[in-house]
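Please open the structure in your viewer and keep the selection tool at hand. This tour goes from one selection to the next and says what can be found at each stop.

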Amino acid sequence: MDARTLLLERNSHGKLEGPAPEASQLDTLYRAALRAPDHKGLTPWRFVEIVGEGRARLGELCARAERARKPDVSEGKLDSIRQKALRAPLIIAVIAKVVDNAKVPRVEQVVSAGCAAHAMLYAAQLEGLGAMWRTGDFAHHPIVREGFGLSPVDELVGFLYIGHKTGRDKRLPVLDPADFIERWD
Ligand SMILES: Cc1cc2nc3c(=O)[nH]c(=O)nc-3n(C[C@H](O)[C@H](O)[C@H](O)COP(=O)(O)O)c2cc1C
């Protein structure tokens with residue numbers, strides 16, 4: 001795939017199936033992530049690979065978060081939350097591991113982790129994989145943050161659901177750059 005097509009036609013895929021990506025494909029994803037813009041070279045990134053039974057662990061963490069939020073939640077609802085972690089053979093939690101730096105404020109480090117996640121989406125598409133970035137209802141919940149060992153300044157920027165596409169590509173939205181551009185001249 002040429003770079004122009006990749007850049008202009010990236011498309012998220014939520015309907016995914018196994019097998020999980022091969023090691024060489026994952027290596028491409030991580031190497032793309034590590035090329036994220038990074039002020040002062042702080043490498044403020046952490047990736048947690050969630051596969052196999054680890055997905056059930058994530059589902060349980062989200063179910064615990066929901067129960068903390070709504071103590072009278074039904075078992076059916078908790079089960080559907082647990083199931084959501086099984087929607088892909090691989091989930092990568094992308095975390096901004098924020099360090100104290102006089103020149104690089106927290107927001108820049110969080111944005112850098114977001115760029116890393118975005119690069120991984122492109123790399124997944126390049127590798128012929130399907131991927132979707134989700135935060136859902138729980139990425140910012142204290143129980144989930146604790147489960148991932150986040151410090152108070154860290155951020156879980158998203159869960160990348162990755163696997164093999166099922167179904168067709170969705171139609172891309174048609175947006176006009178002119179609607180988003182202002183000029184200072
Ligand atoms: C930080 C972030 C969090 C997101 N969380 C969700 C989510 O929880 N659920 C969801 O359906 N889409 C979520 N999205 C949007 C999808 O990843 C995707 O961008 C959207 O479905 C549009 O598809 P496209 O990427 O092909 O344009 C999120 C996107 C970002 C950047």
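**Around the ligand**

Begin by selecting strand S4 (residues 130–134), which supplies the largest share of the shell around the ligand, three residues; strands here are DSSP runs of E with at least two residues, helices are runs of H or I with at least four, and both are numbered from the N terminus. This is a predicted model, in which local features need pLDDT of at least 70 and side-chain atom pairs count only at pLDDT 80 or more, while totals for chains, interfaces and linings use all residues. Residues are numbered from 1 along each chain as its sequence is written, and side-chain values use heavy atoms, with hydrogens and water left out.

Next, select Arg10, Asn11, Ser12, Met132, Trp133, Arg134, Thr135, Gly136, Val157 and Lys170, the residues around the ligand, each with a heavy atom within 4 Å of it.

Now look for polar contacts, pairs of N or O atoms within 3.5 Å. A backbone N or O atom of Trp133 is 2.6 Å from a ligand oxygen, a side-chain N or O atom of Arg10 is 3.0 Å from a ligand oxygen, and a polar side-chain atom of Asn11 is 3.4 Å from a ligand oxygen.

**Two helices**

Then select helix H3 (residues 53–69) and helix H4 (residues 75–84), whose axes are 8 Å apart at an angle of about 140°; axes are lines fitted to C-alpha atoms over the stretch in contact, and angles run from 0 to 180 degrees between N-to-C directions. Finally, show Gly59, Glu60, Cys62, Ala63, Glu66 and Arg67 of H3, which meet Glu75, Lys77, Leu78, Ile81 and Arg82 of H4, where contact means heavy atoms within 4.5 Å.

Note on methods: A polar contact is a pair of N or O atoms within 3.5 Å; within protein, one must be able to donate a hydrogen and the other to accept it, and residues adjacent in sequence count only if both atoms are side-chain atoms.
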